Amino acid sequence: MITIMYEKIFSAAGLTTKEAEIYELILSLGQAPASIIHKKTAHKRGLVYKLLDQLVEKKLIIKIEKAGRVTIFRVEHPNKINEQLEIQAQKVNYYKRSMEELMPQLVTNYNLAFNKPGVRFYEGEEGLRKVLADTLTAQETICTLVDVEAVVKYMERINTEYVKQRERFHKQKKMICVDSPYARKYLEKYHVNVTDTKFVDHNLYPFSSIMQIYDNKIAYISLSADSITSMIITDKNIYQMNKVLFNFIWSHSKAFSELSPLASSPTVEVVPDLSKSSKAQ
């Protein structure tokens, strides 16, 4: 039976109680054939062999096989326990990071279960990527309000990757953009197989952020030279209200075929000062 002082350490190193018992036994013997190890335990022969193989796999003991001789199991240096502890620590850190990433979704699910809006808030490019990745899970057409010039200025590389993924997963999008000569040129042939684009007059609907509506969620992205902030609100009522507003704006927006030429700057006519010529006459 494993001694109490080793139990917690061996457990932290990823050993089961039975593995730890066999390991401590071999540690006291130095090395021994499986038959001797089996006799010193209360376990069945098949289980002992299985536990020995598991300890070999974890590199805590060595299996020495020579032709015509009995197979010997020899304990490795106890430093190997430290190595196992490091491996377990790395696993814990990995799952901790995964849990941190998963936590917002768990909190959202919890809040939804109790009819509370779920809100996830992110900062920086990494947060932006998470929000964009979430939209790729959409089961319906994504509805978007966007300022193209802000996207190109602050997140063009990330958006290029995002649109490639959207095409890969066939995620359709209805996109309303602030009208400008730049936006028209940029969006003229913009991924038309997955994007239906319309324009709104920037004087009537001025905005410089991004909003995406999908699957009872609203994703907001605010872009500036100083910071990038993003959030996802999961709430059916908020989603429905924003979807209605989007549909209203969409119905008053214009597709490429409906656009009129943008008004150019008015020409200022220079009127000659005739008073001087009159005096001269």
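## Thr197 and its surroundings

Setting aside neighbours within four places in sequence, Thr197 touches Met175, Cys177, Leu187 and Ala255, where contact means heavy atoms within 4.5 Å. Thr197 sits in strand 7; helices (H or I, at least four residues) and strands (E, at least two) are DSSP runs, numbered from the N terminus. With a relative accessible area of 8%, Thr197 is buried. Here buried means under 20% relative accessible area, exposed over 50% and partly exposed in between (1.4 Å probe, protein chains only).

A word on the model: it is predicted, so local features need pLDDT of at least 70 and side-chain atom pairs count only at pLDDT 80 or more, while totals for chains, interfaces and linings use all residues. Residues are numbered from 1 along each chain as its sequence is written, and side-chain values use heavy atoms, with hydrogens and water left out.

## Helix 9 and its buried side

Strand 7 (195–200) is also among the elements covering the buried residues of helix 9, along with strand 5 (142–146), strand 6 (173–178), strand 8 (210–214) and strand 9 (217–223). The buried residues in helix 9 are Tyr239, Asn242, Lys243, Phe246, Ile249 and Trp250. They cover an arc of only 125 degrees around the axis, which puts them on the same side of helix 9; the arc is that of the directions from the helix axis to the C-beta atoms. Turned away from that buried side is a face with the exposed residues Asn237 and Val244.

## Helix 2 against helix 4

Helix 2 (residues 17–29) and helix 4 (residues 45–57) pack at about 80 degrees, their axes 10 Å apart. Axes are lines fitted to C-alpha atoms, for helices over the stretch in contact, and angles run from 0 to 180 degrees between N-to-C directions. The two helices are therefore roughly perpendicular, the label for 65 to 115 degrees. Helix 2 brings Lys18, Glu19, Ile22, Tyr23 and Ile26 to the contact, and helix 4 brings Leu47, Leu51, Leu52, Gln54 and Leu55.

Ser28 is in helix 2 as well, and at 58% relative accessibility it counts as exposed. Ser28 and Val75 are 47 residues apart in sequence, yet 9.0 Å apart in space, C-alpha to C-alpha.

## Two loop residues with positive phi

Most residues other than glycine have a negative phi. His191, not a glycine, has a positive phi of about 45 degrees. His191 lies in the loop between helix 8 (181–187) and strand 7, and is partly exposed at 25% relative accessible area.

Asp215 also has a positive phi, near 45 degrees. Its loop runs between strand 8 and strand 9, and Asp215 is partly exposed, with a relative accessible area of 24%.

Methods
Parallel < 35°, antiparallel > 145°, perpendicular 65-115°, else oblique.
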